[in-house]
Amino acid sequence: MKTFNFKTQQTLDQPISEVFEFFSDAHNLAMITPPWIRFEVLTPAPIQMSPGTLIDYRLRLHGIPIRWQSEITEWNPPHAFADEQRRGPYRYWRHTHTFDETENGVVIGDSVEYAIWGGGLVNKFLVRPDIEKIFAYRTMQLDEIFR
């Protein structure tokens with residue numbers, strides 16, 4: 001199975017405790033996901049985050065309704081956590097979130113390793129552009145929320 005990687009980072013001028021607290025609430029994910037995805041967290045709040053926590057979502061990709069389930073596989077507050085798709089549109093999806101406090105603020109790192117059906121051309125023309133748009137929107141929203 002061929003995997004692809006996507007990495008991005010941004011710096012927020014906020015304490016690491018506040019930034020990590022925001023990311024600790026899975027329901028905040030809807031605030032930083034583009035509206036065209038129609039993203040909804042189905043798991044009732046509050047969600048106690050720890051390794052093994054399962055979170056269910058509903059969304060739309062290119063108009064197609066999708067159910068997604070992720071599992072928290074690593075939980076290291078306030079420095080990192082990882083989630084992996086257990087059910088959803090990807091053959092494989094692992095998203096590692098890191099939080100590093102620096103003199104300029106908190107550097108949020110996102111590293112996504114994923115595999116898809118259809119290979120390189122589907123990734124290049126369909127999947128990768130969507131991932132880039134989703135994370136660009138997320139960056140913009142986080143800048144607004146934490147300014």
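In the predicted model, the lining of the second largest cavity comprises, by class, three nonpolar, four polar and two charged residues. This cavity has a volume of about 50 Å³, and the residues that line it are Thr 8, Gln 9, Gln 10, Ile 108, Asp 110, Phe 135, Arg 138, Thr 139 and Leu 142. Two or more residues of this lining are given by each of strand E1 (4–12), strand E7 (105–115) and helix H2, and the largest share, four residues, comes from H2.

A search of the whole structure finds two cavities of 30 Å³ or more, and the largest cavity holds about 560 Å³ of space. The lining of the largest cavity is made up of 28 residues, among which Leu 29, Phe 39, Trp 93, His 95 and Arg 138 lie nearest its centre. Several elements give two or more residues each to the lining of the largest cavity, namely helix H1 (16–24), strand E3 (54–61), strand E4 (64–76), strand E5 (80–87), strand E6 (92–102) and helix H2 (119–145). Divided by class, the lining of the largest cavity has 20 nonpolar, five polar and three charged residues.

Arg 138 is listed among the residues lying nearest the centre of the largest cavity, and Arg 138 also lines the second largest cavity. Helix H2 likewise gives two or more residues to the lining of the largest cavity, and H2 is one of the elements that give two or more residues to the lining of the second largest cavity.

Key
Residues numbered from 1 in each chain as written. Predicted model: local features only at pLDDT ≥ 70, side-chain atom pairs only at ≥ 80, totals over all residues. Heavy atoms only, no water. 1 Å grid on protein atoms, 1.4 Å probe; cavity = no way out; pocket = protein on both sides within 12 Å on 5 of 7 lines; lining within 4 Å. Points joined across faces, edges and corners; volume = space filled by probe spheres on them. Nonpolar A, V, L, I, M, F, W, Y, C, P; charged D, E, K, R; others polar.
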